[in-house]
Amino acid sequence: MTITLKVSPNTKEIMIEYFIDKKRSKTPPYAIFQADEMDTVVTLYESGKAVFQGISADIDANMWKEMERHLNPTKKIEMTNSTEKKKEKKEVYIDPKIYNSTSIGSDEVGTGDYFGPIVVTSAYVKKENIPFLEELGVKDSKKLTDEKILEIVPKLIKVIPYSSVVLSNKEYNEKYSEDINMNKLKAILHNKVLGNMVKNGYEYDYIVVDEFAQKYVYFNYLKSSNDVVRNITFLTKGEDKCLSVACASLISRYIFIKEFAKISENVGMLLPKGASTLVDEKGVEIVKKYGFDKLKEIAKLNFKNTTKIKYLIEKD
């Protein structure tokens with residue numbers, strides 16, 4: 001994925017400062033720098049064109065888009081995505097052998113949220129459970145609201161065995177480093193919950209993971225881990241193709257909603273999900289009320305929101 005964003009001089013200055021320790025040794029012609037940001041390569045040109053390339057290009061580009069919008073509210077945002085082509089939407093192919101099988105699936109939530117933990121869940125679905133899950137609405141899990149999830153998941157977990165792990169933001173900030181990025185943490189957590197299910201002796205036809213990294217990359221993340229679960233089928237849009245993944249997604253979201261509510265109660269304000277400018281504004285409120293150290297407990301500090309929050313406080 002390649003995304004191009006035109007940034008103004010004030011945004012350029014912040015980008016240069018932010019990427020100062022992440023720059024590559026070689027710089028392309030007419031570029032101020034080229035840097036690595038997790039799974040994204042960022043190149044800033046003298047013209048003000050910022051190019052984001054990689055798996056997480058959309059996330060990184062949107063963060064700087066919000067910064068540009070905040071600093072220059074009257075200026076029209078110029079951003080293009082080279083991977084967006086005008087074409088008819090193809091229906092997601094669902095392999096009936098996998099969909100109608102007995103499976104263990106895993107999925108995670110919270111990785112795109114500045115506030116709130118990361119929750120990873122694996123779920124075990126027998127083929128005879130499929131009609132019950134379809135009637136419950138699990139097949140269309142992406143269309144479900146938080147309110148609907150809070151309604152159906154208690155019914156779901158009475159029937160479907162699962163294993164979940166919650167990584168608080170305090171733990172996330174302690175573990176995150178140049179050697180352990182977001183995807184590596186996700187791989188470790190997926191392996192943990194899958195391992196828990198396998199150790200329980202459930203019989204299955206497939207183990208399915210909602211793909212967030214290519215197979216060889218996923219297992220490379222786990223090269224130092226013990227008891228690695230290896231007979232995995234990786235599927236993009238796994239929620240649509242495998243009901244155990246859909247169940248894992250819903251249970252993770254259910255736990256995330258509950259944990260997120262606890263954090264909001266702890267700080268005495270309703271926190272927004274995601275990583276938008278609304279999040280930045282709430283971050284500023286929290287720092288002013290409790291001090292910066294509070295963010296270490298409830299936020300993912302490596303997100304660009306932290307830089308923007310610091311900027312807004314210094315500006316104020």
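How do the axes of α2 and helix α13 (residues 304-315) cross, and within what distance do they come? The axes come within 10 Å and cross at roughly 15 degrees. An axis is a line fitted to C-alpha atoms, for helices over the stretch in contact, and angles run from 0 to 180 degrees between N-to-C directions.

This is a predicted model, in which local features need pLDDT of at least 70 and side-chain atom pairs count only at pLDDT 80 or more, while totals for chains, interfaces and linings use all residues. Residues are numbered from 1 along each chain as its sequence is written, and side-chain values use heavy atoms, with hydrogens and water left out. Helices (H or I, at least four residues) and strands (E, at least two) are DSSP runs, numbered from the N terminus.

**Helix pairs**

Two packed helices are described by the angle between their axes and the distance between the axes.

| Pair | Axes come within | Crossing angle |
|---|---|---|
| α1 (residues 9-18) and α2 (residues 57-71) | 9 Å | roughly 140 degrees |
| α2 and α13 (residues 304-315) | 10 Å | roughly 15 degrees |

The angle makes α2 and α13 roughly parallel to each other, whereas α1 is oblique to α2. Angles under 35 degrees count as roughly parallel, over 145 as roughly antiparallel, 65 to 115 as roughly perpendicular and the rest as oblique.

α1 passes α2 in a right-handed crossing; right-handed means that the near helix is turned clockwise from the far one, and left-handed that it is turned anticlockwise by less than a right angle. On the α1 side, Asn10, Thr11, Ile14, Met15 and Tyr18 make the contact (heavy atoms within 4.5 Å). On the α2 side are Trp64, Met67, Glu68 and Leu71. By class, this contact of α1 with α2 has 6 nonpolar, 2 polar and 1 charged residues. Ala, Val, Leu, Ile, Met, Phe, Trp, Tyr, Cys and Pro count as nonpolar, Asp, Glu, Lys and Arg as charged, and the others, Gly among them, as polar.

The crossing of α2 and α13 is right-handed as well. From α2, the residues in contact include Asp60, Met63 and Trp64, and from α13 they include Lys304, Tyr311 and Leu312. The contact of α2 with α13 divides into 6 nonpolar, 2 polar and 4 charged residues.

An open sheet of 5 strands has the order β2-β3-β4-β1-β5, with antiparallel pairing. Two strands pair if DSSP finds at least two bridges between them. β2 and β5 (79-81) are the edge strands, each pairing on one side only. Between β1 (residues 2-6) and β5 there are 3 bridges, and Thr4 stands opposite Thr80 in β5. Helix α2 packs on this sheet, touching β1, β2, β3 (40-45), β4 (49-54) and β5, and its direction makes about 10 degrees with that of β1.

A salt bridge, that is, a side-chain nitrogen of Lys or Arg within 4 Å of a carboxyl oxygen of Asp or Glu, joins Lys304 and Glu37 (3.2 Å, N to O). Lys304 lies in helix α13 and Glu37 in strand β2 (residues 31-37), 267 residues apart. The whole structure has 15 salt bridges.

Another open sheet of 5 strands has the order β8-β7-β6-β9-β10, with mixed pairing. Its edge strands are β8 (162-167) and β10 (233-235). Strand β7 (residues 118-125) runs antiparallel to β8 and is joined to β8 by 6 bridges. Helix α10 (residues 243-267) lies across β6, β7, β8 and β9, at about 35 degrees to β6.
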